[in-house]
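Subject: Structure handover and notes

Dear colleague,

Please find the structure below, handed over together with its sequence. My notes on what was found in it follow directly after.

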Amino acid sequence: MGVYFLLLFVGLCWGQYNPNTLPKRTSIVHLFEWRWQDIALECERYLAPNGFGGVQISPPNENVIITDPQQPWWERYQPVSYKLCTRSGNETEFIDMVTRCNNVGVHIYVDAVINHMCGANAGAGDHATCGSYFNAKTEDFPAVPYSGWDFNDHKCKSRSGNIEDYHDISQVRDCRLVSLLDLALGKDYVRSRIAEYLNHLIDIGVAGFRIDAAKHMWPEDVKAILDKLKDLNARWFPAGTKPFIYQEVIDLGGEPIKGSDYFGNGRVTEFKYGAKLGTVIRKWNGEKMAYLKNWGEGWGFVPSDRALVFVDNHDNQRGHGAGGSSILTFWDSRLYKMASGFMLAHPYGFTRVMSSFRWPRYFENGRDINDWVGPPSNADGSIKPVTINADTTCGNDWVCEHRWRQIKNMVIFRNVVDGEPFSNWWDNGSNQVAFGRGNKGFIIFNNDDWNMNVYVQTGLPAGTYCDVISGQKENNKCTGKQVFVSGDGMANFQINTDVEDPFIAIHVEAKL
């Protein structure tokens with residue numbers, strides 16, 4: 001009997017760490033600021049056929065409309081109520097998206113903004129995406145409802161009411177993050193309102209939540225909210241399935257709040273991953289790819305089964321958040337594809353791919369002063385649709401990194417090698433490295449300033465393989481390079497430094 005209860009307990013615990021993706025679908029994509037109707041289409045026409053497991057969406061609940069600057073992307077992170085209407089669409093469109101994506105096996109993960117409401121300087125009135133009245137000055141949000149009793153003003157011990165010292169744990173968790181009204185998550189009433197919102201999303205069919213600003217909440221308050229959540233909708237998920245939880249905790253070391261403080265609630269976002277990988281691939285500070293042999297926990301990261309990893313996210317690709325200028329983004333497309341390829345081939349963590357939009361970058365004193373610019377929009381402020389070009393890339397200033405052949409094919413690579421061990425590491429002591437995933441896949445990089453011509457052990461069965469970076473396998477032919485693996489698993493790789501993508505990846509499903 002005791003063993004049964006132990007297994008039951010472990011199963012319940014594990015639920016919040018399990019992404020709930022279908023088998024052999026091992027990555028999700030953040031379709032940042034996309035409209036719900038475009039996400040529904042993308043699930044059907046592209047994500048499901050190419051093996052993506054799910055989509056992280058932008059916050060779906062009512063937010064303040066900011067006009068100075070004109071509707072910045074971060075207005076989505078300033079809630080007014082938990083009604084489902086934003087620039088991405090209304091509740092009907094949201095339900096349609098979740099239903100259609102689930103029906104093709106692509107799950108939806110909601111960016112849940114539960115630490116705070118809008119900024120204290122947001123004023124009063126009905127300038128919110130559903131038209132709800134609110135008054136930030138008096139902390140009155142009747143559409144929830146919240147009143148002044150439901151905020152942490154009495155607990156905050158800083159002079160300004162904002163976080164002033166990140167080494168003071170109670171300030172970080174009880175004071176306002178950049179003037180955002182800090183909810184009193186210690187109150188059962190507030191916890192219940194938030195749980196009601198998240199349970200409504202679960203009823204609709206979402207698979208889990210990114211908990212925004214988790215570092216600014218006490219872990220036990222987050223747990224109290226999560227304990228109120230229902231199991232996932234049995235129409236699409238096995239009975240008793242818990243929502244996937246991953247918490248935004250920016251922990252680069254050097255502060256008292258650690259990602260590990262939140263392991264009891266679910267996974268955490270490992271921000272050191274993109275910061276360190278960017279430094280290595282840029283070859284800054286004497287870093288070399290050869291040093292990546294013990295990548296993962298060996299670099300001081302959280303345990304693999306507690307990590308959600310990414311090359312960049314919507315914050316740090318703009319210089320916000322964590323990682324500084326080492327973060328690789330679509331603006332550095334050649335290095336970005338290498339970093340994404342490495343991440344998707346390596347077994348560490350659960351991977352999230354970024355899908356961005358362009359904005360007019362303008363630097364003053366080393367800072368992009370246009371880092372606030374919101375998604376591609378029409379004159380009335382409505383978000384432009386994601387249009388698809390003849391070559392499958394996106395138009396209307398949507399970048400769609402997830403549609404880049406190299407990244408999409410590495411998402412497939414990760415699915416093929418799922419569960420296989422890290423194996424057959426090789427390096428030249430510098431920036432030429434290679435590794436395999438058991439006998440299913442192999443990847444090799446040349447990030448040096450000289451050409452590569454090497455024979456290495458791949459661990460793969462003999463045969464002719466299509467490189468999935470320069471092309472792919474189509475109609476039993478390779479559209480890019482071919483790689484010949486001999487009977488002993490050895491193969492010759494030649495990668496010049498001047499090629500578009502100085503890396504090659506092969507796997508058993510790309511074998512002729």
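According to UniProt, in an unreviewed entry, residues 26-414 carry the feature "domain: Glycosyl hydrolase family 13 catalytic"; UniProt positions are given in the numbering used here, feature names are shortened, and annotations may be inferred rather than shown by experiment. This is a predicted model, in which local features need pLDDT of at least 70 and side-chain atom pairs count only at pLDDT 80 or more, while totals for chains, interfaces and linings use all residues. Residues are numbered from 1 along each chain as its sequence is written, and side-chain values use heavy atoms, with hydrogens and water left out.

Over residues 26-414 the chain is 23% helix and 13% strand, with the end C-alpha atoms 7 Å apart; helices (H or I, at least four residues) and strands (E, at least two) are DSSP runs, numbered from the N terminus.

Turning to helix packing, α3 (residues 91-103) and α5 (residues 188-204) pack at an angle of about 50°, with their axes 9 Å apart, where axes are lines fitted to C-alpha atoms, for helices over the stretch in contact, and angles run from 0 to 180 degrees between N-to-C directions. The two helices α3 and α5 are therefore oblique to each other, given that angles under 35 degrees count as roughly parallel, over 145 as roughly antiparallel, 65 to 115 as roughly perpendicular and the rest as oblique. On the α3 side E91, F94, I95 and V98 meet H200, L201 and I204 of α5, contact meaning heavy atoms within 4.5 Å.

Helix α7 (residues 271-281) has 10 of its 11 residues buried, so α7 is largely enclosed by the rest of the structure; buried means under 20% relative accessible area, exposed over 50%, and partly exposed in between (1.4 Å probe, protein chains only). The buried residues of α7, among them F271, Y273 and L277, pack against β10 (267-269), β11 (307-309) and α8 (333-345). After α7 comes K283, with a positive phi near 65°.

Finally, N370 sits in the loop between β14 (367-368) and α9 (405-416). N370 is buried, at a relative accessible area of 17%, and, leaving out residues up to four places away in sequence, touches W359, P360, R361 and Y362.

With best regards
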